[in-house]
Amino acid sequence: MHVDGPPRRRDGPGAQTGQPPRNDAEPGRTSLRDPRPGDRVLPVGGAGLAEPVPVESPEQPNLLMITLDDAAWGDMVHMPRLQELFVQEGVTLRGALAPNPICVPARSSLMTGQHSHNHGTWNTTSDAGHGLEALDEENTLAVWLQEAGYDTFFLGKYPNGYTDGTVVPPGWTGWRALVDPTTYNFVRPTVSMDGVEEKFETYSTTLLSEQSDELLREPGRAEDPWYMWLNYVAPHHGGPDAPDDPAVLYPDDPDPVKTTTPEDRDVDTFADLALTDTPNMFEDDVTDKVLVRGTQRTVTEQRRAQLTEAHQQRIESLQSVDRALASTLETLEETGQLDDTYVVLTSDNGYTLGAHNLEGKLWYFREMTSVPMYVRGPGLEPGTVSEAPVTNVDWAPTFAALAGARPTLEVDGVDVLPWIGSGADRRVVPIEAYPVKKGSKRLYRGVVVGPWTYVQGRSGQAEVYYRDVDRWELQNLAGDPRYSDQVDELKQLVRSTSTCAGDECPSAYYR
């Protein structure tokens, strides 16, 4: 399975597997149509319900979750090994979503199978008591799997706030966690080696790749089932500063664009890469955007130059991850474990550098809530694409089901494996977000249902997008009388799901 060769820039028709869901309609404000009589967001009664397609899996298969940090769909086309090992050999989950698209809440959902409003981990800091310290670490996927007989291994970035490397959370057989504040130091990270802090001078991605391969190659590893959560930091911003970083080039800028740090061999390998040219990049007419103040700003040419540099460095940093993915899959094959292992590759949230004049994550636009996600393993058809909505709330209950483990808390997600091949493309997914650093009042609440996104802010104002004909979310339909029935239906779905828990959370899939 040796995969090598120089990075390939993939653009045009052959690159669609790295992009968010597409449609054939022309984007823009003039293409919208009146809804047909009887059109609904969801079918009435049992009409349109999808049927699950069982997946034959080994008893207690190995489970590998590989998480990137702040990766976007558009980044994936620049990773040739990923294209071969996951797009061609796995299932591309184009309906994947992060219901709360920011670091700590998203990672807590991966661990608990709960939405943010239930696991209580809302902020990225501990200032208000809703950061990592709010997470019930006694009741996570690792604990469930360990009790089911699995060896469990953690490597890389834990949710923000892990500052004491002598502490190993419950449920982990092996612990190799990056210790804050060095988590974002790509060249001098400190790692908690089973509770002992050790400093390294190895590029972070390379270090984590080597450590994970060592664990997978340990004698006897193939004899017992295992779960590994491997968390790479790229393409998240981090140091040290480079000569072409915006903070260095523009010292008078009080808020320069933050950049990541590629491995030395990858520096400037994408120096000619431009920002994505889509209709919502640096959007001109934002009169319909009512919830996010940042959409109203004008992005200067200097700022665009900074964003371009950040984009180039993000792609360069992912080249080391691409090599690491190949190494991991090769290790699994060489040790005879690949055929009994499910491998999920995803990101904690999406990311944008300019769409709707925004930078980063957190908000409800598709660039941020839509996350790259792939799965490969026993019983899954290689080289296929699934539109079934899958969220980072779903993987804990899915892995628990595969392992025969019993969750020790009420999970909100579902076992998604039977839905991947069902032909389903619609499900009610509640979305939400909270202040980044402090605060417990939601910035917005909403739902994504197939091509529809409805969000409501604190003041009650709403934004509604219908991506079947407005892929780039250029026109807010909240006040459009042609869509009043659908908007009312979406509003009702938000009311019924925004505080859902367990079986009350939507689980039905539709075709």
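These legends go with several close-up views of a predicted model.

Local features are described where pLDDT is at least 70 and side-chain atom pairs where pLDDT is 80 or more, while totals for chains, interfaces and linings use all residues. Residues are numbered from 1 along each chain as its sequence is written, and side-chain values use heavy atoms, with hydrogens and water left out.

**View 1. Helix α1 meets helix α7.** Helices here are DSSP runs (H or I, at least four residues) and strands are DSSP runs (E, at least two), numbered from the N terminus. Helix α1 covers residues 80-87 and helix α7 covers residues 301-334; they pack at about 35° with their axes 8 Å apart. Axes are lines fitted to C-alpha atoms, for helices over the stretch in contact, and angles run from 0 to 180 degrees between N-to-C directions. The crossing of α1 and α7 is left-handed, a term used if the near helix is turned anticlockwise from the far one by less than a right angle. On the α1 side, look for Pro80, Arg81, Leu82, Leu85 and Phe86; they meet Gln319, Asp322, Arg323, Leu325, Ala326 and Leu329 of α7 (contact means heavy atoms within 4.5 Å). Sorted by class, the contact of α1 with α7 has seven nonpolar, one polar and three charged residues. In this sorting, Ala, Val, Leu, Ile, Met, Phe, Trp, Tyr, Cys and Pro count as nonpolar, Asp, Glu, Lys and Arg as charged, and the others, Gly among them, as polar.

**View 2. Helix α5 beside helix α7.** Helix α5 (residues 204-217) packs with α7 at an angle of about 5°, the axes being 10 Å apart. The two helices α5 and α7 are therefore roughly parallel, a label for angles under 35 degrees. From α5 come Thr205, Ser209, Ser212, Asp213, Leu216 and Arg217, while α7 brings residues including Ser320, Val321, Ala324 and Glu334. By class, four nonpolar, seven polar and three charged residues make up the contact of α5 with α7.

**View 3. The largest nonpolar core.** This core has 49 residues, and Leu63, Tyr227, Trp395 and Phe399 have the most contacts inside it. A nonpolar core is a set of buried Ala, Val, Leu, Ile, Met, Phe, Trp, Tyr and Cys residues joined through side-chain atoms within 4.5 Å; buried means under 20% relative accessible area, exposed over 50%, and partly exposed in between (1.4 Å probe, protein chains only). Helix α9 (residues 395-403) gives the most to this core, with six residues. Eight of the nine residues of α9 are buried, so α9 is largely enclosed by the rest of the structure. Beyond four places in sequence, Phe399 touches Leu63, Leu64, Met65, Leu141, Leu145, Tyr227 and Val344. After α9 comes Gly404, with a positive phi near 70°.

**View 4. Helix α2 under cover.** Ten of the ten residues of α2 (residues 103-112) are buried, among them Cys103, Arg107 and Met111. These buried residues pack against β1, α3 (116-119), α4 (141-147), β7 (226-231) and α9. Just after α2, Gly113 has a positive phi of about 75°.

View 5. Thr369 sits in helix α8 (residues 366-369) and counts as buried because its relative accessibility is 1%. Setting aside neighbours within four places in sequence, Thr369 contacts Ala96, Leu97, Ala98, Pro101, Trp363 and Tyr364. Pro54 lies in the segment before β1 (62-68), and its relative accessibility of 71% makes it count as exposed.

Definitions and conventions
Angles under 35 degrees count as roughly parallel, over 145 as roughly antiparallel, 65 to 115 as roughly perpendicular and the rest as oblique.
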